[in-house]
Amino acid sequence: MNWNRNILVLSIGALWIVLAGCDRASLERTFSADPKASQWNAATPAPISLPTGFPETLRYPNALLKKVSPLAQPPSASTEAAAASQGFQTQWTTTNNPAEILKFYRARLQETPWQGFQEGKGDGVTVLSAQLQTQQQVSISVPLSSSSSSAAQPSTVPAEVEFSITYHTGIATAVSNGSGSTPGTTSGLFEDLSQVPQSLQPYIKDVAQLEVLKNSGEAPDQAISRARFAQWLVELNNRIYGDRPARQIRPVATASKPAFSDVPASHPAFSYIQGLAESGYLPSALSGDAAQTRFRPNDPLTRETLLLWKVPIDRQQILPTASSERVKQLWGFKDASRIAPTALSAVASDHQNGELSNIRRVLGSTLLFQPQKPITYAEAVAALWFIGTEGDSLSVQDLLRSEQQQAQKAVSGPSPSSKPDAQK
């Protein structure tokens, strides 16, 4: 019994010595409750999900999604528009540097079906933007690189970079099928189409969806100038044949000598007019027409001049010669003798396109060509809606349909059938 009591006394004494060597704060930490104990049984936060419709091709391969925030509808948005549209901002982090992020997204946004790529600087960020369709737009903000901040970071600890992707979809605009137009509706290219023949309205609406051609408030029934049509001809041709460089017309930024004395390098449409002249599509001294020294950029474009410029681009070749009698035989025009000799070949060659000819699309059925009558903006758009010949051509409608299909594939991702079979 005494032996057991001695052991107990010695144990208590040893414990007292150990406790005496510790300060009070240490003892409190030792015996206090674990402040994280309440989290031991807490549920793991659910991963953040991307909203439906976010293009998988925009997911950066080495980034973590941190936050998704819906975008507020503008106060002017109608109830229908608000219900049919959505927008959100996604925030991401990655250890890759801003230059790598920008390189990745520049490549993505300049691929088909993306269009209208733009790059600019904001408040400490580089902003890239593009669109799939007129109502599907994306904007990517990447912080500007900072060499000083990078140097301050230890080489063993990669710095995190935060960037954001804002994606917005609106009411999809249906591709026109050439019917069902409603007079008086706006097109995005012109304020009002009420004065435009109904047969021309589908062409205008299709072209407006490309957002390539711009005007300065002109009405669609107003005469278009020669300079404006030359610019539109190059812009729309190059947009339609965006994936076929061999069919594109190269604008000329500078030239040792302008092709026309009244279109200096300072003229707003110089690069387009000079490009057409140097390509041989406009009669000029460069093409052997020594008398064509002036372009008359502000004069109205006439019907015969439209054919003279556009048909060679449609056919991609020098046109065979034709007489007024031949034109009268082909078209039945009672005023064929009034067509300028230089334009006869173009008018005759246009007949080979049948229902796709410029004359039938712009003028419909007619026995009077009225070659010197000015072309309106609406007629110019209708002529430019289709460029090429039957069997080797594209219309704006074809382009819109193709881009719409590619956009849908980009949003939905590859189909299951396109994925490799793991069992093979």
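A crossing of two helices is called left-handed if the near helix is turned anticlockwise from the far one by less than a right angle, and right-handed if clockwise. In this predicted model, the crossing of helix 9 and helix 11 is left-handed, whereas that of helix 7 and helix 13 is right-handed. The protein chain has a mean pLDDT of 79, with 73% of its residues reaching 70 or more.

**Helix 9 and helix 11**
- The axes of helix 9 (residues 303-315) and helix 11 (residues 341-350) come within 8 Å and cross at roughly 55°, which means that helix 9 is oblique to helix 11.
- On the helix 9 side, Glu304, Leu307, Leu308, Val311 and Arg315 take part, and they meet Thr342, Ala343, Ala346, Val347, Ser349 and Asp350 in helix 11.
- The residues of this contact divide into 6 nonpolar, 2 polar and 3 charged.

**Helix 7 and helix 13**
- Helix 7 (residues 226-240) and helix 13 (residues 377-384) have axes that come within 10 Å and cross at roughly 30°; because angles under 35 degrees count as roughly parallel, helix 7 is described as roughly parallel to helix 13.
- Arg228, Phe229, Trp232, Leu233, Leu236 and Ile240 of helix 7 make the contact with Tyr377, Ala380, Val381 and Leu384 of helix 13.
- The residues of this contact comprise 9 nonpolar, no polar and 1 charged.

**Confidence along the chain**
- The pLDDT is below 50 over residues 73-84, a stretch with 7 contacts in the model beyond near neighbours in sequence.
- Over residues 147-154 the pLDDT is also below 50, and this stretch has 1 contact beyond near neighbours in sequence.

Definitions and conventions
Residues numbered from 1 in each chain as written. Predicted model: local features only at pLDDT ≥ 70, side-chain atom pairs only at ≥ 80, totals over all residues. Heavy atoms only, no water. Axes fitted to C-alpha atoms, helices over the stretch in contact; angles between N-to-C directions. Helix = DSSP H or I, 4+ residues; strand = E, 2+ residues; numbered from the N terminus. Parallel < 35°, antiparallel > 145°, perpendicular 65-115°, else oblique. Contact = heavy atoms within 4.5 Å. Nonpolar A, V, L, I, M, F, W, Y, C, P; charged D, E, K, R; others polar. pLDDT = per-residue confidence, 0-100.
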